[in-house]
Amino acid sequence: MINIGIDPDCDKSGFALIHGEHKELCTLTFFEILKRFKQLINHYGKDKIIVYIECGFLNKSNWHKKVGQSANLNAKIGERTGANFEVAKKLCEMCEYLGLKYYQIRPTRRKLDAKSFQAMTKITKRTNQEMRDSYMLIFGR
């Protein structure tokens, strides 16, 4: 099986893939993800692929207001949060369109810094938060 984890972002989403000993960890735009899915489907078939998408909109409360910040800054945070939620929904639609099995995952775990991520996964490659979050969706599956 090919397990894929995606941490949606409106610019570049975290994308992680585990297939046996092969691991990928990167950030991709929405259409780069579509292209990668098509490559994987053509090579392995859609029945071998499972996608795990972090869906923040599954959390009951989505208050991202920061106390002491300006209303303008809080509005920007809300705008980006909503945009990321929409990317997650569109990624689910993409999986349905391509016939890929996928799961919507509610974010529950805390963020890992690079040092903790390396200790847990033994991946020494330089990573950003989106990469680490996407990998943790499939780590241990």
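Analyst: A salt bridge here is a side-chain nitrogen of Lys or Arg within 4 Å of a carboxyl oxygen of Asp or Glu. Keep that rule in hand. The model is predicted, so local features need pLDDT of at least 70 and side-chain atom pairs count only at pLDDT 80 or more, while totals for chains, interfaces and linings use all residues. Residues are numbered from 1 along each chain as its sequence is written, and side-chain values use heavy atoms, with hydrogens and water left out.

User: How many salt bridges does a search of the whole structure find?

Analyst: First the general idea. Side chains of opposite charge can pair when their charged atoms come close. Here the search finds 3 salt bridges. One of them joins the side chains of E93 and K90, at 3.2 Å from N to O.

User: Where do E93 and K90 lie?

Analyst: Both are in helix α2 (residues 71-98), 3 residues apart, or about one turn of the helix. Helices are DSSP runs of H or I with at least four residues, strands are runs of E with at least two, and both are numbered from the N terminus. An α-helix has 3.6 residues a turn, so residues three or four places apart point the same way.

User: Is E93 buried, partly exposed or exposed?

Analyst: Use the cut-offs: buried is under 20% relative accessible area, exposed is over 50%, and partly exposed is in between (1.4 Å probe, protein chains only). E93 has 44%, so E93 is partly exposed. K90 is partly exposed too, at 34%.

User: Which parts of the chain does the salt bridge between E24 and R36 link?

Analyst: The side chains of E24 and R36 meet at 2.4 Å, N to O. This pair links distant parts of the chain: E24 is in strand β3 (residues 22-28), R36 is in helix α1, and they are 12 residues apart. E24 is buried, with a relative accessible area of 16%. Another salt bridge joins K111 and D133, whose closest N and O atoms are 2.6 Å apart. K111 sits in the loop between β5 (101-105) and α3 (114-121), D133 is in helix α4 (residues 129-136), and 22 residues separate them. D133 is buried, at 10%.

User: What span should helix α1 have?

Analyst: The expected span is 1.5 Å times one less than the number of residues. Helix α1 (residues 30-44) has 15 residues, so it should span 21 Å; its end C-alpha atoms are 21 Å apart, which agrees.

User: Which residues of α1 are buried?

Analyst: They are I33, F37, L40 and I41. Seen down the axis, they fall within an arc of 100°, so they line one face of α1. That arc is taken from the directions from the helix axis to the C-beta atoms. The face turned away carries exposed F31, K35, N42 and H43. Just after α1, G45 takes a positive phi of about 90°.

User: How do I read the pairing of β1 with β4 and β2?

Analyst: Two strands pair if DSSP finds at least two bridges between them. β1 and strand β4 (residues 49-54) are parallel over 5 bridges; I2 has I49 as its bridge partner in β4. β1 and β2 are antiparallel, also with 5 bridges; N3 stands opposite I18 in β2. β1 and β2 form a hairpin with 5 residues between them.

User: How many residues of β1 are buried?

Analyst: In strand β1 (residues 2-7), 6 of 6 are buried. I2, I4 and I6 point one way, and N3, G5 and D7 the other way.

User: Which residues does S13 touch?

Analyst: Contact means heavy atoms within 4.5 Å. S13 lies in strand β2 (residues 13-19). Not counting residues up to four places away in sequence, S13 touches I6, D7, P8, C26, T27, L28, I33 and V87. At 1% relative accessibility, S13 counts as buried.
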